[in-house]
Amino acid sequence: MDADVPGTVLKRERTRDAVLELIESRSPGDGIPSERALCALLGVSRPTVRAAVDELVAAGLLVREHGRGMFVAPAKITQELVAGDRALSVPQAAGAWSSRLLEFTTLQAGARVGRKLRMSPAAEIVYVARLRLVDGAPMAIEHLHIRAELVPGLSAQELESGDLYEHLRATHGVHVHEAVQAIEPTVVTRAEAGLLDVPELSPALLFERLTSDTTGRPVEYVHSLYRGDRYRIVSRLALGPAAEVVPDREGHHPGIPPGDFAHGDAIASSTRGDIQAGG
């Protein structure tokens, strides 16, 4: 499947979300429909379904048993890392960050994204897929799901410059307040490998983030795939009181586009074994 053909990124994304919805509605050890049945159920091709299933097997969410079928994998052990006041300053990554837009469209939220954003599955969201680059080299693939009513007139230029939150704040009076983010290891699919310029099944880091405003309303749901050979996470834990330090406003926050939380809004950060971020 050609990753540059319009619509293919979204098709893979929706297929993955549909299979995830089946997994999340079942218990560990429960079976899910066969690939052939999923093709009929979702109205997509066998390669598209197989790519989604392969990704979820590699991520440890599904188990294939020869001659028996596919089953929901055992639940993962959860380990949470937080500072004493439950607010961590997020380290910044070096390099010149830029973006290349892969897809940009408005569509219905669907069951899974609608549940995360606490909105009707029929309500509209802005879906964005973009490739993040550092010094011109591909580093990550980001999938953004944003409440459409919050971003009328949102342009591709705003997304490529990483000014989404500034746009929300200045144009619509939406102030982001908290981001709950989960991080876990995974591997890249063939299509993702092509975009990131790495071999298929290379290690990667999966970020999932749910961002809320000052009223507690979910604003966006994002999941991002970062190259494992080029990216690492370091947690700085506060073990006691310290003098107040003015944070550096430049650079890139891991998993968070440049410009986000630029006005000192809190970031709640967690590393968890599941891939549910704030859901």
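This is a predicted model: local features need pLDDT of at least 70, side-chain atom pairs count only at pLDDT 80 or more; totals for chains, interfaces and linings use all residues.
Let me start with the lining of the largest cavity, to which α1 (8–24), α3, β6 (137–147), β7 (176–187), α7 (190–196) and β9 (218–227) each supply at least two residues.

If we sort the lining by class, we find 12 nonpolar residues, together with five polar and five charged ones. As for volume, the largest cavity holds about 320 Å³ of space, and a search of the whole structure returns two cavities of 30 Å³ or more.

The axes of helix α2, residues 35–42, and helix α3, residues 46–58, come within 9 Å of each other and cross at roughly 115°, which makes α2 roughly perpendicular to α3. The crossing of these two helices is right-handed.

Which residues of α2 and α3 meet? On the α2 side they are Glu-35, Arg-36, Leu-38 and Cys-39, and on the α3 side they are Arg-46, Val-49, Arg-50 and Val-53. The residues of this contact divide into four nonpolar and four charged, with no polar residue among them, whereas the lining of the largest cavity, as I said, does include five polar residues.

Notes. Residues are numbered from 1 along each chain as its sequence is written. Side-chain values use heavy atoms; hydrogens and water are left out. Axes are lines fitted to C-alpha atoms, for helices over the stretch in contact, and angles run from 0 to 180 degrees between N-to-C directions. Helices (H or I, at least four residues) and strands (E, at least two) are DSSP runs, numbered from the N terminus. Angles under 35 degrees count as roughly parallel, over 145 as roughly antiparallel, 65 to 115 as roughly perpendicular and the rest as oblique. A crossing is left-handed if the near helix is turned anticlockwise from the far one by less than a right angle, and right-handed if clockwise. Contact means heavy atoms within 4.5 Å. Ala, Val, Leu, Ile, Met, Phe, Trp, Tyr, Cys and Pro count as nonpolar, Asp, Glu, Lys and Arg as charged, and the others, Gly among them, as polar. On a 1 Å grid over the protein atoms alone, a cavity is a set of points where a 1.4 Å probe fits but cannot get out, and a pocket is an open set with protein on both sides within 12 Å along at least five of seven lines; lining residues have an atom within 4 Å of a point. Grid points are joined across faces, edges and corners, and a volume is the space filled by probe spheres set on the points.
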